[in-house]
Amino acid sequence: MKKLLSLALALMMVMSLATVAFATENSEAGQTVSFNLKKVYTINKSTNSDYVVPDEQVLNFNVTASEGAPAMKVNALTVDTPDNATGIVELKVTGTVEIPANPTRGVYEYTVKEALPEGATVAAGEALDVTTELKMYVVITNKVDQTGEILPGYSVEVGAEKGTGGTKADTFNNTYGLGELAVKKTVSGNLGSKTQDFTIHVNLTSDYKVLTPIKLIDSDKDSAIKTAWNQNAEGKYVAEVTLKLAHDETVTLANLPAGVSYTVTEDNGHILQESEAMDPNNPATGYDVEYVTNDDGVIAAGLCDSVEVQNSKSTDINTGVTLDSAPFILILAVCAGAVVLFVVKKRRSVEF
């Protein structure tokens, strides 16, 4: 009897071990696989602007997957300023797929599109590649030997084409456009001051958030003032630059995103008003003003707009002779000269 019990107990232990071994052999652990895409960020800037990118701009990616596909995540990107002077930033986009334990075999398709974080808007001057859709595939198959016999475990292949394992050739292409505005002052007229500083206001407006600070070029005067970009009550982003320029001086506003509109106006205190008389002794007031080419416009990527603020101040100089009497005085002078010449000749003929 004892022998039978010992034999039965041993048999149960063997069966228990076999069951554990079978479960371990057929349990398939999950794993993480990854793939890389590429983003090319090109900065199209004007001469005096910098190779900069929008500050703190984060770019996301949306992923849609076929039914039953394992979850995929694509990393968000923070665009960094390029180290070189080419204006091109190449960024690696990494996607990860979490393969669960004991995965279902099949071919799974993923569509990756560029997107902004929730609630964010595109930066002024920036063009996102929201039309490109990049396809990636994850293929999960059984492991087989050379004879075709199925082995324990599974194989995972990631690629741009079904079953190829190749890398994706397509890229996301973004651009960031920066332009500039040159403001020049000229003064003319016999009462125009060539040393007087004139206050000029440059108002800037953008429909989109501006993430690049304004840069002033050729401004060696401490009086130049620029404000930070702020959002106004209408939801637009605005900034103002106040300049003080004398004759033949120019200041350039650089790092202005494409699409930003501008208006240039001279302070009213310098301009002759209809209700006032010109003061010839005050070099700061009483001027007529003209804007060349225009006093407003829109910044274009890679280009420089220019506005020349022309002031003129003149008065007639009193010579004691009015224009109405000048012709008659000239006739009298000619006649008087003829009489004098006749008298001189007459005297000479009498003497001889």
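Colleague: Where does Asn102 have its place in the chain?

Modeller: In this predicted model, Asn102 has a positive phi of about 50° although it is not a glycine, while most residues other than glycine have a negative phi. Asn102 is partly exposed, with a relative accessible area of 45%. Its place in the chain is the loop between S5 and S6.

Colleague: Is Asn255, which also has a positive phi, buried or exposed?

Modeller: Asn255 has a phi of about 60° and is not a glycine, and this residue is found in strand S16, which covers residues 249-257. Its relative accessible area is 4%, and a residue counts as buried when that value is under 20%. Asn255 is therefore buried.

Colleague: Which peptide bond is cis, with omega near 10°?

Modeller: Most peptide bonds are trans. The place to look is the loop between S18 and strand S19 (296-298), where Thr293 lies. The cis bond, with omega near 10°, is the one that runs from Val292 to Thr293.

Colleague: How many helices and strands does the secondary structure of the chain come to?

Modeller: The chain has 352 residues, of which 32% are buried, and it exposes about 21,000 Å², with carbon and sulfur atoms supplying 55% of that area. Among contacts between residues at least 6 apart in sequence, 75% join residues at least 24 apart. The secondary structure comes to two helices and 20 strands.

Colleague: In what order do the five strands of the open sheet stand?

Modeller: The edge strands are strand S4 (77-78) and S9, each of which pairs on one side only. Between them, S2 and S6 pair in the antiparallel sense over six bridges, and S6 and S8 pair in the antiparallel sense over seven bridges. The pairing in the sheet is antiparallel, and the order of the strands is S4-S2-S6-S8-S9.

Colleague: With which residues is Val63 in contact, leaving aside its neighbours within four places in sequence?

Modeller: Val63 is found in strand S2 and is partly exposed, with a relative accessible area of 27%. Val63 and Val74 are eleven residues apart in sequence, and their C-alpha atoms are 7.6 Å apart in space. With sequence neighbours within four places left aside, the contacts of Val63 are Met72, Val74, Tyr110, Thr111 and Val112.

Colleague: Which residues touch the most other members of the largest nonpolar core?

Modeller: In soluble globular proteins, nonpolar side chains tend to be buried together. The largest nonpolar core here holds 32 residues, and the elements that give two or more residues to this core include strand S1 (31-44), strand S5 (88-99) and strand S10 (171-188). A second, separate core of 23 residues includes Trp229, Leu245, Leu256 and Val307. In the largest core, the residues that touch the most other members are Leu37, Tyr41 and Val97.

Colleague: Why does the ring pair of Phe61 and Phe172 count as tilted?

Modeller: The pair ties together parts that are 111 residues apart in sequence, because Phe61 lies in strand S2 and Phe172 in strand S10. Phe61 is buried at 8% relative accessibility, and Phe172 is buried at 0%. The ring centres lie 5.2 Å apart and the planes stand at 55°, and planes under 30 degrees apart would count as stacked and over 60 as edge-to-face, so the pair is tilted.

Colleague: What is the angle between the planes in the aromatic pair of Phe198 and Tyr287?

Modeller: This pair links distant parts of the chain, with Phe198 in strand S11 (residues 198-206) and Tyr287 in the loop between strand S17 (261-266) and strand S18 (288-292), 89 residues apart. Phe198 and Tyr287 are both buried. The pair is edge-to-face, with 5.0 Å from centre to centre and an angle between the planes of 85°.

Colleague: Which residue lies over the face of Tyr287, at 5.3 Å from the ring centre?

Modeller: Elsewhere, the charged end of Lys45 sits over the ring of Tyr51, 5.0 Å from its centre. For Tyr287, the residue that lies over the face of the ring, at 5.3 Å from the ring centre, is Lys313.

Definitions and conventions. Residues numbered from 1 in each chain as written. Predicted model: local features only at pLDDT ≥ 70, side-chain atom pairs only at ≥ 80, totals over all residues. Heavy atoms only, no water. Core = buried A, V, L, I, M, F, W, Y, C linked by side-chain atoms within 4.5 Å. Buried < 20%, exposed > 50% of the residue type's maximum accessible area, 1.4 Å probe, protein only. Helix = DSSP H or I, 4+ residues; strand = E, 2+ residues; numbered from the N terminus. Phe/Tyr/Trp six-rings, centres within 6.5 Å; stacked < 30°, edge-to-face > 60°. Lys NZ or Arg CZ within 6 Å of the ring centre and 35° of its normal. Pairing = 2+ DSSP bridges. Contact = heavy atoms within 4.5 Å. Areas by Shrake-Rupley, 256 points an atom, 1.4 Å probe, with all protein chains shown as cover.
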